[in-house]
Amino acid sequence: MKLKELERPAVQAWSPASQYPLYLATGTSAQQLDSSFSTNGTLEIFEVDFRDPSLDLKHKGVLSASSRFHKLIWGSFGNGLLESSGVIAGGGDNGMLILYNVTHILSSGKEPVIAQKQKHTGAVRALDFNPFQVLQGNLLASGASDSEVFIWDLNNLNVPMTLGSKSQYREQPPEDIKALSWNRQAQHILSSAHPSGKAVVWDLRKNEPIIKVSDHSNRMHCSGLAWHPDIATQLVLCSEDDRLPVIQLWDLRFASSPLKVLESHSRGILSVSWSQADAELLLTSAKDSQILCWNLESSEVVYKLPTQSSWCFEVQWCPRDPSVFSAASFDGWISLYSVMGRSWEVQHMRLADKISSSFSKGQPLPPLQVPEQVTQASLIPPLKKPPKWIRRPTGVSFAFGGKLVTFGLPSTRLVPQPCPRLVFISQVTTESEFLMRSTELQEALRSGNLLNYCQNKSQQALLQSEKMLWQFLKVTLEQDSRMKFLKLLGYSKDELQKKVAIWLKSDVGLGEGPQPKGNDLNSDRQQAFCSQASKHTTEEASASSAFFDELVPQNMTPWEIPITKDVDGLLSQALLLGELGPAVELCLKEERFADAIILAQAGGADLLKQTQERYLAMKKTKISSLLACVVQKNWKDVVCTCSLKNWREALALLLTYSSTEKFPELCDMLGTRMEQEGGRTLTSEARLCYVCSGSVERLVECWAKCHQALSPMALQDLMEKVMVLNRSLELLWGPHGVSPGPATTYRVTQYANLLAAQGSLATAMSFLPSDCAQPPVQQLRDRLFRAQGSAVLGQQSPPFPYPRIVVGAIPHSKETSYRLGSQPSHQVPTPSPRPRVFTPQSSPAMPLAPSHPSPYQGPRMQNLSDYRAPGSQAIQPLPLGPGVRPGPQDSWKEAPAPRGNLQRNKLPETFMPPAPITAPVMSLTPELQGILPSQPPVSGVSHAPPGAPGELSLQQLQHLPPEKMERKELPPEHQSLKSSFEALLQRCSLSATDLKTKRKLEEAAQRLECLYEKLCEGTLSPHVVAGLHEVARCVDAGSFEQGLAVHAQVAGCSSFSEVSSFMPILKAVLIIAHKLLV
């Protein structure tokens, strides 16, 4: 692409690479005349600013010259000085060599001419600064007629150094010097090119030529010379003879013939320039009005400018910007181009705008109507291969398992030749403490020494609540766990007996009593729990606690269990510990005969029961509610109606009285109520209830509420508690217990992913549940297994977690192939009625089966089934047409036909494969409709999005017969889901003001019918249903951001075909509701 242009019949020179800003110097060419036939010389300097979109150059300085120029170069002499821009050397007629100070030209101050020397006898056409003198730049080589080459020291211009001796000149006729070039690797090597086709290489240390290179055809007329930027022994020569317009690449180690010959120009070559930024790129211009860029490795043209109107006699790469080059042509224009390529249309528009601005005179012109054949953009393709300056020198990428893959350039630059690139694979560990704690947990699970592990965690805990939680977890691993739970809650039978004995011996009045010896109840409570009086806002309900709303009795006020130091406090403590005898004694002592009778005859006849009920209804005391609960054994009312201040007392009641069958459910209800009605503090304490009930799933969900921001260490804390609680369940139920729920599986999968990211692949695989059928777990297990490679020898490969799809037409015989419209019958294995406990794959410890009653023993599967994913359902296979190969679960594997009966149909000679499917199939072709007149549609497979071709519109549905409009009724457990979404749509419709949003909501109401149909048919996966209910709860609570987060999580781990009909529109509704603040 053309970047800039300048109308000057001049030679050119770029400023050095170290110069900023970028300049371009032009001198009046001695080989050109304009229409005025003026012979005056001018030296000008222009600033090149590529940020300016115009094609013009900024004029910075001008100087009248004594003669015109054959050659112009810009050196860095004096750049080490302050405010120095280097030196420009110009070669003129009659052997004139002129040196200019660039700084003085730009400032228009002091005399810019440094020196004028006339040592040569002819026109000075060859000049070159030594590239090794970067800071000094004091060595200048000049060449003219009579084979004269002078080396000038800019510090002392009086006597230049002459190459060779007079005798050497007399041996052969003198010639003009067409080009000079210093070697780019050896600073004492200089080469010169002559019109006779030879190139002479000089050694300045010996002051004599060391080799001469010439073509044997005698048709090579050298017009240009350039050394290889990297290889010291290679150079190129170009010929301006039209009979041999070639470029020869020579290697001085084999100077008998050229190494390569490049032939693409049709006429003689006038100029050559070798890119210093990429040694593979060589630029040439010739008499055929073409400018070509060559790749010397492949000997092909990689860039070509369109044919110019006249010859280009000089091309030069820009030293500072490697993609830019300049070209000076005989038509009096100097143009700047970029080899990266771009359309010419931009330049045409610039020119059109420039012309329009000249004729507009303040009034805008109508748009230019360019003919169609003119508007077609003439594209200049960029380089076929990326140049070296934009190639990636280094690279880095993270891989699975915490691996870091890097590559880069070699540290030392040797001889330029192909060298092997090294790729380094490193293990990156960013969470060392996380890995250490994970290793400790793994070791404790492997050795079975979880008691010491829990004890250490309890001692290391900083918060009192965390310390208590680890003590509860430790008790779950021990025998007689209920009594130890009571002690941890601050209730001891021994202490109670001492306090009752002291009270009975005292003679104090009603409601008064002496101070008990030792620690009283409050001090015990202070030792057991920290004081937490701050109130927090109510958090969102848990996903697994929806049943609680239907169980809470209405119009009942919470009541408290007294824990004071008086008789009521002692009675409460006695009842909490199940000591009815001391409780009756206390009632008799205080003349509370009715309480004594009720307690003494708790298991009496019906009359006594009625009397108790009437008494409890009429006699209202602080302890009457607790008495009623103990006598009537209505523990659900205790959980649902007691004050949350007494959650410890409620838990103590359950530990004391509730049956083994009901105990887990009641503990879960108490914990759920603490989460719903309590603040953040009670939500954290609710974990104790879930530990007592053994509800791993609820413990994980409660933890998720307390830890909104996930971190590796927080997840490690959760996994430690989950693994310990799972091990306690394994000790009680054996290796076959409760299977992990969705929340537990999700966190374990996160934990395994973190371990894998830190490189601990074996540990991550051991924590994954072995019998979990959820796709994310199976996919991660397969990935971990294959990532370990040889480290898992001896282990069975996990099942392939992705569905296998056979693509292609494979003919079958009539015995084994399916006919169109038939459905294979196959058996679906029913899930085992007894769930399995989630345990990591580690060497099991030797657990001792407890021989005492446990709070977890009994039929607790009914409660835990609420959190278990439903079993796999029989999936009706789709009808397969001819040539479609059934999957691995089809019935043809059960009864295979003999191999000899298989017949392969020969394909016709003009067989055309079917066109690929690039859009959803909305309807069958007429041919297939004729074949399948009565084939019923398969539910959940071919649902097209609303508005797509082939879908029935709302008006069409209204005109359908009633029997076609019938639909299954939505199951009761999903009614709340539909009510929440419909209420949300109604609120959004009332709040929406623009027509676009209302149309979107109407479309959403229609699209959500697909969701309700799937819920009626039961075709959605369990984790999708659970996620939708969680979104509905977020909608009811007004937390649309949380709903969008749950939506993203469900959509990310679900099949696209399963959720594509309703999940996108559900997300749009949530976004609209969030914006409208409904």
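**A tour of the aromatic rings**

Begin by selecting K978 and Y1012 in this predicted model: the charged end of K978 sits over the ring of Y1012, at 5.3 Å from the ring's centre. Next select R482 together with F663, where the charged end of R482 sits over the ring of F663, 4.6 Å from its centre.

A pair of aromatic rings is described by two things, the distance of the centres and the angle of the planes. The count for this model comes to 12 aromatic pairs. Select Y23 and W74, one of these pairs: their ring centres are 6.3 Å apart and their planes stand at 10°, which is under the 30 degrees required, so the pair counts as stacked. If you colour the strands, you will find Y23 in strand β3, residues 23–28, and W74 in strand β6, residues 69–75, so this pair ties together parts that are 51 residues apart in sequence. Are Y23 and W74 buried or exposed? Y23 is buried, and W74 is buried as well.

Then select W317 and F325, and look at the angle between the rings: the centres lie 6.0 Å apart and the planes are at 65°, which is over 60 degrees, so this pair is edge-to-face. W317 has 8% relative accessibility and therefore counts as buried, since the cut-off is under 20%. F325, with 0% relative accessibility, counts as buried too.

For the last stop, select W311, F313 and F330, which form one aromatic cluster.

Methods: Residues numbered from 1 in each chain as written. Predicted model: local features only at pLDDT ≥ 70, side-chain atom pairs only at ≥ 80, totals over all residues. Heavy atoms only, no water. Phe/Tyr/Trp six-rings, centres within 6.5 Å; stacked < 30°, edge-to-face > 60°. Helix = DSSP H or I, 4+ residues; strand = E, 2+ residues; numbered from the N terminus. Buried < 20%, exposed > 50% of the residue type's maximum accessible area, 1.4 Å probe, protein only. Lys NZ or Arg CZ within 6 Å of the ring centre and 35° of its normal.
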